[in-house]
Amino acid sequence: MHQVVKLSSILPENHFQTVLDAFKSLKQGEALILENTLSLSPVLQKIQESLWGQYSWTPVYSKEGSYTGELIKAPAAIHAGKSVSGFMQQEHELCDKFYAEGESALLEGKWDAGEQDLRSFEISMRRHFNMEEDVLFPAFEAETGMTRGPTQVMRMEHGQIKGMLDQIKNALDEHDTDQVLGLGETLLILMQQHNAKEENMLYPMCDQHLRSVEGLLKEMQQTDV
């Protein structure tokens, strides 16, 4: 369940208060879809300042002149702003949600809904990789001196998954449901193995070695595709 807030129809100085009022009305697990003709980064920064630890966030569409993001009041969010493990596991769950909803819609013959969810899945996955490769991995490597350890393996696996995402994008462009679903089965196996390594090894190592992670998590959340 979600509400849509069209920020383009609201004065910029009222954006955050509008979002805050709508967020307070949500039940846990419900979402706000924020739409704007300008970047959502300014309102996200204010959300971080006032609501950190109470939500999860992901952009679902980003193109000049059209920006859309999903703000969720999630049951686990209260813990996710305090550790790399909690924050990044929640990111994995968001990506999984988009894929599961898209796959379900395609299986039910609902192409438009399925395509939208799977394109949001692709965006969220690529952004997730950017969060790790541009922010988390360099911080971990700088702190530990380990540049040829787990982060190197994760980067290699990112490359494999990105290749699968490219193939799924092409299949979506061709409206080939069978190919999308077939590729998705292979991708899910790769993702499950990859996520398990990160959640059971790399993220706990980050929590062990990195100090004062809140600023790092906020920087990752501001990452675009």
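## A walk from rings to sheet to helix

Let's start with a charge on a ring: the charged end of Lys 97 sits over the ring of Phe 98, 4.4 Å from its centre. Here "over" means that NZ of Lys or CZ of Arg is within 6 Å of the ring centre and within 35 degrees of the ring normal. Lys 73 does likewise with Phe 23, lying over the ring face at 4.9 Å from the centre.

Before going on, keep in mind that this is a predicted model, in which local features need pLDDT of at least 70 and side-chain atom pairs count only at pLDDT 80 or more, while totals for chains, interfaces and linings use all residues. Residues are numbered from 1 along each chain as its sequence is written, and side-chain values use heavy atoms, with hydrogens and water left out.

Now for rings that meet rings. Rings of Phe, Tyr and Trp (its six-membered ring) pair if their centres lie within 6.5 Å; planes under 30 degrees apart are called stacked, over 60 edge-to-face, and the rest tilted. By this rule there are 3 aromatic pairs. One of them joins Trp 52 and Tyr 55, edge-to-face, at 6.2 Å centre to centre with 75° between the planes. Both residues are buried (under 20% relative accessible area, with exposed being over 50% and partly exposed in between, using a 1.4 Å probe and protein chains only): Trp 52 has 16% and Tyr 55 has 4%. Another pair is Tyr 99 with Phe 121, whose centres are 5.3 Å apart and whose planes are at 65°, so this pair is edge-to-face. Tyr 99 lies in helix α4 (residues 84-107) and Phe 121 in helix α5, so the pair ties together parts that are 22 residues apart in sequence. (Helices, H or I with at least four residues, and strands, E with at least two, are DSSP runs numbered from the N terminus.) Tyr 99 is buried at 5%, and Phe 121 is buried at 1%. Ring pairs also link Trp 52, Tyr 55 and Phe 87 into a cluster.

Next comes the sheet. It is open, has 4 strands in the order β1-β2-β4-β3, and its pairing is mixed. Its edge strands, each pairing on one side only, are β1 (2-6) and β3 (56-63). Strands pair here if DSSP finds at least two bridges between them. β1 and β2 (residues 31-36) run parallel over 5 bridges, and His 2 stands opposite Ala 31 in β2. β2 and β4 are antiparallel over 6 bridges, with Leu 32 opposite Leu 71 in β4. β3 and β4 are antiparallel too, over 7 bridges, and the bridge partner of Pro 59 in β4 is Gly 69. These two strands make a hairpin with 2 residues between them, and Gly 65 in the turn has a positive phi of about 95°. Why is β4 described as largely enclosed by the rest of the structure? Because 6 of its 7 residues are buried.

Finally, look at His 128 in helix α5 (residues 111-144). At 2% relative accessibility, His 128 is buried. Leaving aside neighbours within four places in sequence, His 128 is in contact with Met 88, Glu 91, His 92, Cys 95, Glu 198 and Tyr 203, where contact means heavy atoms within 4.5 Å. As for Leu 107, its C-alpha is 26 Å from that of His 128, and the two are 21 residues apart in sequence.
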